Amino acid sequence: MNSPIRAPSSPSSSSCSNIQPPPCLTHASSNFKFPLLLPHAICSSQKMYRSSGGHAEAPTNTNPLKIYMVGRCSTGWSEAQPLVSKQSLNRHLLPVEALVTPTAQDVSDTPFIGDDKIGVLLLNLGGPETLEDVQPFLFNLFADPDIIRLPRLFSFLQKPLAQFVSVARAPKSKEGYASIGGGSPLRRMTDAQAEELRKSLWAKNVPANVYVGMRYWHPFTEEAIEQIKRDGITKLVVLPLYPQFSISTSGSSLRLLESIFREDEYLVNMQHTVIPSWYQREGYITAMVNLIEKELKDFDSPNEVRIFFSAHGVPLAYVEEAGDPYKAEMEECVDLIMGELEKRNITNAYTLAYQSRVGPVEWLKPYTDDTIVELGKRGVKSLLAVPISFVSEHIETLEEIDVEYKELALKSGIQKWGRVPALGCEPTFISDLADAVIESLPYVGAMAVSNLEARQSLVPLGSVEELLAAYDSQRKELPPPVLVWEWGWTKSAETWNGRAAMLAVLLLLFLEVTTGQGFLHQWGILPLFR
């Protein structure tokens, strides 16, 4: 296993002048349950989406994140007040060119406490590096309650179910990984991004160590934290490599991090801040637009190409019942990219769809595969796929998009197919991540207060605990989709019948896996999956 990436030793930076957070933004204030300021929540109540036939209004967001500010700062926090009224919200909206961070020159001069050792922790999913890693990787994935949510009463079945599902899915998953070289390139690419980020930070006069922590495979987050402790890091910036926040990605990694922090005295005393999402940053948008523009030029008729944004899906209940901001952030991200393309006189029609759904529950729609078929029926002949929620190549880009969806598109009548590569180590992207880290340093150990008028930074900051409280104030598991029993052939009855059947199946599988006896073993079915 490769050791976590760390920066080389450097001359002391104690000559830098210090920036202290405002008096009210102290570490002690983290105990206050205060709505976290998330600049990306500032949005209009309606958005316009271009289609091939004109414009159509998007549904109004019925549960927008509220934006608050602190009234004053004395011995404690004053009561949070709404920052802007709904009527005046549009007045504060800025075009994408205004949604900028300081330039590289400005950011490079940002001082920080010279005696502190700065660390950056990159969080990512992880992936099996060999075919032998596939089944244990899948077990780690499905053992996460943020991925497969069971009723609290049956939480003891989480690991037995994960074992069964991982064993059952491993053969097909191995075929996919074999087709892309025998393993996921995610770790190699994330390590490369960490190294380039470290170089960029040092070039901007910020000597920092950069670490990689994966959620479901090596190097695990726990391994990265141990290295952070050995290196004596005193200020930590946590940066999930997911542009948009979701309960199932950034949220899962942050919950794990929170549990690690609570159990370790060193980490409790170490100051930190989190950048939960960064899809609206100018550098990220510019890098995406540059790649799209480049790939469009490979088509014979670039203006006729439909731009097809494919994002990783999440269960619909995450958004509608748990308040996951993923869908809203994804739609806003696409809006910003298309807005920047329009400035370059690129006005192609576009579509956003969601891929990678599993299981019988409803996921975010439209589904990528269904949408490709529908576009073929509508006569679309050229399609450029854009993996919008991925910054590194992995199984979902190299196999699912490049193989499965490409084949489906060609069968559906689409004649020309292209795909925008993942950002990887694209220089503009890496430099902007470095800027985001530097902008966050004055807020390490403090709650961030955004400046709506100045818009100096679009980094939504906060501690792990504060951030999770902002997105999940009740800290409860997902509520059931149906709360009242109804008799007859109704949606409620179907739901409860399905739950009863699911619990019966789970119990059966648990007995099969734990005892090694039962009809699945007697019939020789279960051993086939081993």
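Me: What is the mean pLDDT of the protein, and what share of its residues reach 70 or more?

Reply: The mean is 74, and 64% of the residues get to 70 or more. pLDDT is the predictor's own confidence in each residue, on a scale from 0 to 100. This is a predicted model, where local features need pLDDT of at least 70 and side-chain atom pairs count only at 80 or more, while totals for chains, interfaces and linings use all residues. Residues are numbered from 1 along each chain as its sequence is written, and side-chain values use heavy atoms, with hydrogens and water left out.

Me: Where does pLDDT stay under 50?

Reply: Over residues 447–459, with 38 contacts beyond four places in sequence, and over residues 474–497, with 32 such contacts. A contact is a pair of heavy atoms within 4.5 Å. Where pLDDT is low, the predicted coordinates should not be read in detail.

Me: What makes Ile 401 count as buried, and where is it?

Reply: Its relative accessibility is 1%, so Ile 401 counts as buried. It sits in helix H12 (residues 395–411); helices are DSSP runs of H or I with at least four residues, strands are E runs of at least two, and both are numbered from the N terminus. Arg 419 is 18 residues away from Ile 401 in sequence, yet 8.3 Å away C-alpha to C-alpha. Beyond four places in sequence, the contacts of Ile 401 include Trp 417 and Arg 419.

Me: How do you know that the span of H10 is close to what is expected?

Reply: The expected span is 1.5 Å times one less than the number of residues. H10 (residues 326–343) has 18 residues and runs 26 Å from first C-alpha to last, close to the expected 26 Å. Among its buried residues are Cys 333 and Ile 337.

Me: Which residues touch the most other members of the largest nonpolar core?

Reply: A nonpolar core is a set of buried Ala, Val, Leu, Ile, Met, Phe, Trp, Tyr and Cys residues joined through side-chain atoms within 4.5 Å. The largest has 64 residues, and Leu 201, Tyr 284, Ile 292, Phe 309, Ile 337 and Ile 388 touch the most other members. Beyond four places in sequence, Ile 292 contacts Phe 309 and Ile 337, among others. A second, separate core of 20 residues includes Leu 123 and Leu 468.

Me: Why is strand E5 described as largely enclosed?

Reply: Seven of the seven residues of E5 (residues 118–124) are buried, so the rest of the structure largely encloses it. Ile 118, Val 120, Leu 122 and Asn 124 point one way, Gly 119, Leu 121 and Leu 123 the other.

Me: What makes E5 and E6 a pair?

Reply: Pairing takes at least two bridges found by DSSP. E5 and E6 (residues 208–214) have seven, in the parallel sense, with Met 214 as the partner of Asn 124. E5 and E7 (residues 235–240) are also parallel, over six bridges, and Gly 119 stands opposite Leu 236 there.

Definitions and conventions. Buried < 20%, exposed > 50% of the residue type's maximum accessible area, 1.4 Å probe, protein only.
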